[in-house]
Amino acid sequence: MGEHHHHGPAKGLTRWLFTTNHKDIGTMYLWFSFAMFILGGSFAMIIRAELFQPGLQLVKPEFFNQMTTLHGLVMVFGAIMPSFVGLANWLIPMMIGAPDMALPRMNNWSFWILPPAFLLLASTLFMEGGAPAAGWTFYAPLSTTYAGPSVTYFIFAIHVLGLSSIMGSINIIATVMNLRAPGMTYMKMPLFVWTWLITAFLLVAVMPVLAGCVTMMLMDVHFGTSFFSAAGGGDPVLFQHIFWFFGHPEVYIIILPAFGVVSQIIPAFSRKPLFGYDSMVYATASIAFLSFIVWAHHMYTVGMPVAGELFFMYATMLIAVPTGVKVFNWVTTMWRGSLSFETPMLFCVGFLILFTIGGFTGLMLSIAPADFQYHDTYFVVAHFHYVMVAGAVFSMSAAVYFWLPKWCGRMYNETMGKTHFWISFVGFNLTFFPQHFVGLAGMPRRIPDYALQFADFNMMSSVGAFIYGLSQILFLYNVIATIVAGKKVSDPKVWDGAEGLEWTVATPAPYHTFETPPKIDPAHAHS
C-alpha cells in the first residue's frame with residue numbers, strides 16, 4: 001500500500017482495512033467473533049423461547065429448524081474459531097519473540113473475507129424459503145434434494161470461511177516454525193503456542209475435506225451428479241462419512257486452543273510452573289492424531305458392521321487417556337500452589353469441572369450399544385455444550401480477562417468480572433444440566449415441540465439460557481468500560497493483590513517477563 005493511505009481524514013478507516021499489524025488483526029478477530037457470539041446467541045434464544053413450554057408458539061417449525069442450523073454454524077465458525085484465531089494473532093508473536101506474523105498481508109485477507117462470508121450466510125434468512133434448515137451438520141438429502149434455493153449461497157459462505165481458516169493456519173505454522181527468537185526451542189514454547197501449532201495442522205488437513213463435501217453438494221444440486229442420492233447410485237451415508245471426517249477433528253480444533261489458554265492461566269494463579277509440560281505437549285499431539293480415526297462414532301445408528309462399531313468405540317475411548325493426562329496435570333499444577341481466584345482463574349476452574357463432566361458424557365456416547373439410546377436426543381446436546389461452552393467459551397472468557405490489561409494497559413472491574421462468572425456458571429448449568437435428563441428420557445433434539453413430561457426441565461433450561469445470555473452483556477460492558485476508562489496499569493503489578501504474578505509462567509522457558517526473549521551471548525548466536 002502506498003504511503004498516501006496513512007494520511008488525511010480517512011486514516012481511521014484505512015488503518016483497519018489495510019493493517020498488517022498482528023495486534024490490530026487480533027483485535028478485529030476478537031470484536032468480530034463477539035458480534036457473531038451475540039448473533040448466534042440470539043438464534044439460541046429463539047430456540048429456547050419456543051421450547052419454554054410444550055406446543056407450537058412463537059415461530060413456524062421451518063424457521064425453528066433454520067435457527068438450529070444457523071445457531072450451530074455461527075457459533076462454531078463465527079464465534080469460537082475466529083475468537084481463538086484472534087487470540088493467536090495477538091499472543092503467538094509475543095510469546096515466541098517474533099516481530100509479527102510470518103505472512104502479514106495474507107493475515108489481513110484471512111480476516112477481511114470473514115465479514116462478507118457471514119453476511120452471506122445470514123442473508124439466506126431473507127431469501128426465498130429462508131436459510132437452510134438441515135441442522136449445522138446439514139445432512140444430505142435434506143441439504144440437497146430437499147433444500148431451498150439459498151443452499152447455494154450457504155455453500156459459498158462455507159467455502160470462504162474455510163479459505164480463511166486455511167490461510168490463518170498456514171500463517172501460524174509459518175510463524176511458529178520460522179520466527180522464534182534465538183533460544184526459543186520447541187519444547188520451551190508456551191503451551192498456548194503448542195496447542196495452536198497442532199490446531200493449525202488439523203485445520204490444514206480437514207478444511208479441504210469440508211470444502212470437498214460442500215462442493216459435492218453443489219454438484220448434486222446444480223450439475224446432475226448423485227454423490228449423495230441413492231436414485232443415481234450415490235449414498236446419503238457417504239455425506240455423513242465425509243462430513244464427520246472433517247467434523248470430528250473440527251471439535252478438537254475448537255477445544256485445543258482452549259486447552260492452551262487454561263495451561264497458561266492456571267500456572268499463573270497457582271504461582272508455580274505447569275506440571276508435566278512435556279506430557280502436555282505429547283497429550284495434545286496424541287489427541288490430534290486420534291481425532292482422525294474416530295469420525296464414525298457419530299454414525300453408530302447407520303448400520304455399520306459390528307467390527308466397525310468396535311473399532312470406532314475403542315479409538316474414541318482412547319482419546320480419554322491423553323485428555324485425562326491434561327486434566328490431571330492442571331489439577332496437579334494447582335495442588336499445593338499459592339492459589340488466588342481472580343476472574344480468569346474462576347473461569348479456568350469452572351472449565352476444569354464442567355469440561356470434565358462433558359468428557360464423561362462423551363465417554364458414555366462412545367459406547368456403541370448405549371449410543372442407540374442417546375443418539376439424536378438432548379443428551380448429545382448437553383454433552384457437546386458442556387465441552388463447547390464450558391470448555392471453549394469459558395476459556396475464551398478467561399483469556400480476555402487475563403490478557404485485556406496487557407492489550408490496553410487498563411484493569412477491568414474485578415467485582416463485575418466475578419459477577420459475570422457466577423451468573424454465567426449458574427445460567428449455563430441451569431440450561432444444560434437438565435438436558436441430560438430429558439435426553440435420556442427420550443426427548444429428540446431439533447424438534448420445536450415436545451411431550452408434556454419434558455415441560456418442567458425445558459422451562460428450567462430456557463430460563464437458564466436467558467440468564468447466561470444476559471451475563472454476556474455484563475461482560476461486554478466491563479470490557480468497553482475497561483478500554484475507555486479502566487485504571488491504568490503497568491506490567492509488573494497488573495493483578496491487584498496478586499504480587500509476583502507474571503504474564504507467562506506456564507513454561508520452563510528461560511525468561512521471566514512476557515515480551516523479553518531470552519538473552520543469548522551474541523558470540524554463540526546463530527543467524
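Helices here are DSSP runs of H or I with at least four residues, strands are E runs of at least two, and both are numbered from the N terminus. The model is a predicted one: local features need pLDDT of at least 70, side-chain atom pairs count only at pLDDT 80 or more, and totals for chains, interfaces and linings use all residues. Residues are numbered from 1 along each chain as its sequence is written, and side-chain values use heavy atoms, with hydrogens and water left out.

**Exercise 1.** Find where M187 sits, and work out what M187 touches.

*Solution.* 
- Step 1: pick the element. M187 is in the loop between α6 (151-178) and α7 (191-222).
- Step 2: check the cover. Buried means under 20% relative accessible area, exposed over 50%, and partly exposed in between (1.4 Å probe, protein chains only). M187 comes out at 29%, so M187 is partly exposed.
- Step 3: list the contacts, meaning heavy atoms within 4.5 Å. Skipping neighbours within four places in sequence, M187 is in contact with W194, Y277, D278, V281 and Y282.
- Step 4: I473 is 286 residues along the chain from M187, and their C-alpha atoms are separated by 39 Å.

**Exercise 2.** Describe the surroundings of A258.

*Solution.* 
- Step 1: A258 is in helix α8, and its relative accessible area of 0% makes A258 buried.
- Step 2: leaving aside neighbours within four places in sequence, the contacts of A258 are F84, F351, G391, A392 and S395.
- Step 3: from A258 to C348 the C-alpha distance is 9.8 Å, although the two are 90 residues apart in sequence.

**Exercise 3.** Count the salt bridges, then go through their partners.

*Solution.* 
- Step 1: the rule asks for a side-chain nitrogen of Lys or Arg within 4 Å of a carboxyl oxygen of Asp or Glu. The count is two salt bridges.
- Step 2: one joins D24 and R15 at 2.8 Å, N to O. D24 is buried at 11% relative accessibility, whereas R15 is partly exposed at 42%.
- Step 3: K418 forms a salt bridge with E414, with the closest N and O atoms 3.3 Å apart. Both lie in helix α14 (residues 414-440), four residues apart, or about one turn of the helix. K418 is partly exposed, at 30% relative accessibility.

**Exercise 4.** Say what the charged end of R180 sits over.

*Solution.* 
- Step 1: a charge sits over a ring if NZ of Lys or CZ of Arg is within 6 Å of the ring centre and within 35 degrees of the ring normal.
- Step 2: for R180, the ring is that of Y186, and the charged end is 3.9 Å from the ring centre.
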